[in-house]
Amino acid sequence: LSSLMHPEDLPALHRKIEQHFKERKPFQNESRRKHKSGSYRWIFDSGLSTVDQDGNIEVVVGSIIDITERKSAELLMQGQNEWLKKTNQELDQLVHNASHDLRSPLSSVLGLLTIAEQAGSKEEIFAYHGMIRDRVRKLDEFVTDVLNYSRNSNREVVTTRVLLSDLAQEI
């Protein structure tokens with residue numbers, strides 16, 4: 001049996017077998033076993049043994065089920081979960097940065113409106129309106145950049161070969 005087991009799975013299997021005989025509880029284990037094709041397959045072993053009066057194994061009843069497909073699905077799901085965690089962290093960071101970058105021009109606009117309300121002449125009011133217009137344009141540019149980033153991040157990356165000598169000549 002040991003020659004068929006994946007070497008990394010042997011220590012855990014030996015511990016579970018010892019625990020099974022010591023505690024007389026049902027045995028359950030997941031491990032990789034070499035298939036006749038030479039590849040390893042995931043196997044779920046379960047069983048129960050009985051012993052005679054002298055403590056010798058009398059009967060062993062159990063089952064072995066190939067769970068390779070389930071384990072493959074679990075590994076795929078684990079990879080997807082890691083990707084989702086990373087994506088959520090990046091999204092949290094983007095939201096934090098975007099909210100900060102949105103608040104700054106808005107605060108500036110509110111401050112300029114307060115000052116404009118106290119202006120004494122039309123020229124001053126027009127000057128403040130020009131400053132407000134500039135802040136609103138910057139805010140609009142930022143929102144456009146965020147939207148462009150969102151569109152670009154959902155597109156497939158296309159690689160193109162570039163000759164640096166041609167690029168340098170063009171520049």
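Is R137 buried, exposed or partly exposed? I looked it up: R137 is partly exposed, because its relative accessible area is 47%. The cut-offs I use are under 20% relative accessible area for buried, over 50% for exposed, and partly exposed in between, with a 1.4 Å probe and protein chains only.

**Ground rules**

I am working on a predicted model, so I noted that local features need pLDDT of at least 70, side-chain atom pairs count only at pLDDT 80 or more, and totals for chains, interfaces and linings use all residues. Residues are numbered from 1 along each chain as its sequence is written, and side-chain values use heavy atoms, with hydrogens and water left out.

**Entry: R137 and its partner**

I looked for the partner of R137. R137 forms a salt bridge with D134, and their closest N and O atoms are 3.8 Å apart. A salt bridge here is a side-chain nitrogen of Lys or Arg within 4 Å of a carboxyl oxygen of Asp or Glu. D134 and R137 both lie in helix α3, three residues apart, about one turn of the helix. Helices (H or I, at least four residues) and strands (E, at least two) are DSSP runs, numbered from the N terminus. An α-helix has 3.6 residues a turn, so residues three or four places apart point the same way. D134 counts as partly exposed because its relative accessibility is 39%.

**Entry: other salt bridges**

I took the total next. The count comes to twelve salt bridges. One of them joins the side chains of R32 and D9, at 2.9 Å from N to O.

Then I turned to helix α2. E74 and R70 both lie there, four residues apart, about one turn of the helix. Their salt bridge has its closest N and O atoms 2.9 Å apart. E74 is partly exposed, because its relative accessible area is 32%. R70 is partly exposed too, with a relative accessible area of 37%.

**Entry: helix α1**

I checked the length of α1 (residues 10-23). At 1.5 Å a residue, its 14 residues should span 20 Å, and the end C-alpha atoms are 20 Å apart, so the two agree. The expected span is 1.5 Å times one less than the number of residues.

Which residues of α1 are buried? They are L10, L13 and H20. They cover an arc of only 85° around the axis, so they sit on the same side of α1. The arc is that of the directions from the helix axis to the C-beta atoms. These buried residues pack against β1 and β2. The face turned away from the buried side carries the exposed residues R15, E18 and K22.

I stopped at R24, which follows α1. R24 is found in the loop between α1 and β1. Its phi is positive, about 60°, although R24 is not a glycine. R24 counts as partly exposed because its relative accessibility is 41%.

**Entry: the strands**

I followed the chain into the strands. Eight bridges join β1 (residues 27-34) to β2 (residues 40-51), and the two run antiparallel. Two strands pair if DSSP finds at least two bridges between them. E30 stands opposite F44 in β2. β1 and β2 form a hairpin with five residues between them, and G38 in the turn has a positive phi of about 100°.

How many bridges join β2 to β3? Nine bridges join β2 to β3 (residues 57-66), and these strands run antiparallel. L48 has V61 in β3 as its bridge partner. β2 and β3 form a hairpin with five residues between them, and G55 in the turn has a positive phi of about 90°.

**Entry: the nonpolar core**

Which residues make up the largest nonpolar core? I listed six: V109, L112, A116, A119, Y128 and I132. A nonpolar core is a set of buried Ala, Val, Leu, Ile, Met, Phe, Trp, Tyr and Cys residues joined through side-chain atoms within 4.5 Å. α2 and α3 (122-153) each supply at least two residues of this core. α2 gives the most, with three residues.

I picked out A116, which lies in helix α2 (residues 68-117). A116 counts as buried because its relative accessibility is 10%. Leaving out residues up to four places away in sequence, A116 touches I125 and Y128. Contact means heavy atoms within 4.5 Å.
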